[in-house]
Amino acid sequence: MKSGLKRSNAPIFWSLFGAGGMLSALFGPALVFITGIAVPFGFLLPADAMSYPKMLAFAQNLIGKGFILAVIALFLWFAAHRIYHSLHEFGIHAGLAAKLICYGSAFVATVISVVVLLGLGF
Amino acid sequence: MSKRRPYVRSMEGWWKKNPYFVEYMIHESTALFVAGYAFVLLVGLIRLGQGEAAWNGWLEAMQSPLSLIFHLVFLVAIAYHTYTWFKIMPITMPPIIVGGKRVGPGVITGSGLLAAVGVSLVMLVLVFWFGG
Amino acid sequence: MTENLKIIEIEVLRYNPESDQEPHLEVYSVPFSDDMSVLQGVQYIKDNFDGSLTFRWSCRMAICGSCGMMINGIPKLSCETFLRDYYPDRIRVEAMAHFPIEKDLVVDLSGFIEKLESIQPYIIPKEPRSLDQGEYIQSPKQFNDYIQFTSCINCTLCYAACPQFGLNPDFIGPGAIALLHRYNMDSRDGAAAERMELVASEEGVFNCSAVGYCSEVCPKHVDPANAVNINKTNAAKDYFLRFLSPKGGAK
């Protein structure tokens, strides 16, 4: 066995990547269609489905909170991981800076989401 | 003295050299659109937290033609992510044995895509019923 | 006889470490018959045009794994790739990608050999067994768990197909990890935990980004990408559960 092997911390990021990749593959297209096309333009779906009282109620519900957090945070952790690897693949070896920007923004977005969701109450 | 002088070729532009790699880079780049969409939702969540006026402002922005164009692009890119995610699933998963036989790659990809269609339909029906 | 032969142009990437600063392409017009492989085309060049052309080959029947080349940019065994499939276009033949070029079509495989050694490619029994205890019993199901990964002929086409190996030559890579998986999956072997140290290391499986091209080019359908990705799951389990396991997982 080779000596001086260092354990990789990749499992943390890889697990978040995998979860986000699966979630966005399953829910992504329909979510974009609902929130970005159908509801705002009253196409096929009721136009007031995203009215303030409805969305507030959704975000105050525990399942709703969990869903919103999972979508925003995991989508971003998934994207951060892929973008970080793509930079490496394009030959941009920004190293720690690239890592901080990619995973850092996913982390900040996660924290913001948690704070806002808690602030909205139950 | 050794006459050896192994030549190491550059990796620059490697992904342009093979259609397989070009496709790989395209499906990897869908991550940019997943991130873009997640940021739109994040802004929406922040506006929701700021109250009704802020939320309505966000909703109004979502009704702009520019937003529609963006979301159409998100839709295409993320749908392609869905397709490629399940297409590579057979190589990323441990073998599944059913009735003593290994489940084929087509069945795995097909089941994944079917699950995505199912989840989408359920979400649409839920919004249709409870959103009115 | 020669007048019945068609002529195909073969472009070969040449590199002589003693005289060349960098590799360059040279074109040869090679008469061929429909049963001639790319390897035979290259041999024709060596026999008739330039005896210094250097390349590896042995069995001519896709089992020794030594004649891998980039053929029009695709990693292939040159003995089972036929000139007729390219005619009348020109063929470009280069040394396998991502490896240092030693001379012409010969690459430096010493890094691969080291990796092969590092995965301990042999059965390390769970417990010592004496002769009078008899042979190891293995069921057909247990045999099926690993048989696919025994087909590897170490041709390293998967390395020539793996951009992550090209970008990071320290990556253990698809072929060696497929063989590692072969031993881990063998019911007679008990060293999976020992090999985990390598799997979970910075040179290990997480260099892979599931491009999948290694499995695409594998002439023996080993599916190394599957072996690598199964071991990502194994390494992630080891990472998170090592605090629960009595042995503490890999170091």
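C:Arg14 belongs to strand β1 of chain C, which covers residues 6-14; strands (E, at least two residues) and helices (H or I, at least four) are DSSP runs numbered from the N terminus. The model is predicted, so local features need pLDDT of at least 70 and side-chain atom pairs pLDDT 80 or more, while totals for chains, interfaces and linings use all residues. Residues are numbered from 1 along each chain as its sequence is written, chains are lettered from A in the order written, and side-chain values use heavy atoms, without hydrogens and water.

With a relative accessibility of 6%, C:Arg14 counts as buried, that is, under 20% relative accessible area (1.4 Å probe, protein chains only). Beyond its neighbours within four places in sequence, C:Arg14 is in contact with several residues, including C:Asp20, C:Asp50 and C:Asp104; contact means heavy atoms within 4.5 Å.

Next, the cysteines. The structure holds 0 disulfides over all chains, a disulfide being a pair of cysteine sulfur atoms within 2.5 Å. The sulfur of C:Cys155 has its closest cysteine sulfur in C:Cys158, and because the distance is 6.3 Å, this is too far for a bond. C:Cys162 is in no disulfide either, with the nearest cysteine sulfur, that of C:Cys214, 6.5 Å away. C:Cys155 is buried at 8%, and C:Cys162 is buried at 10%.

Finally, chain C meets chain B. The contact takes 38 residues from chain C and 21 residues from chain B. The rule finds 2 salt bridges across this interface, each a side-chain nitrogen of Lys or Arg within 4 Å of a carboxyl oxygen of Asp or Glu. B:Arg4 and C:Glu102 meet in a salt bridge of 2.7 Å, N to O.

Definitions and conventions: Buried < 20%, exposed > 50% of the residue type's maximum accessible area, 1.4 Å probe, protein only.
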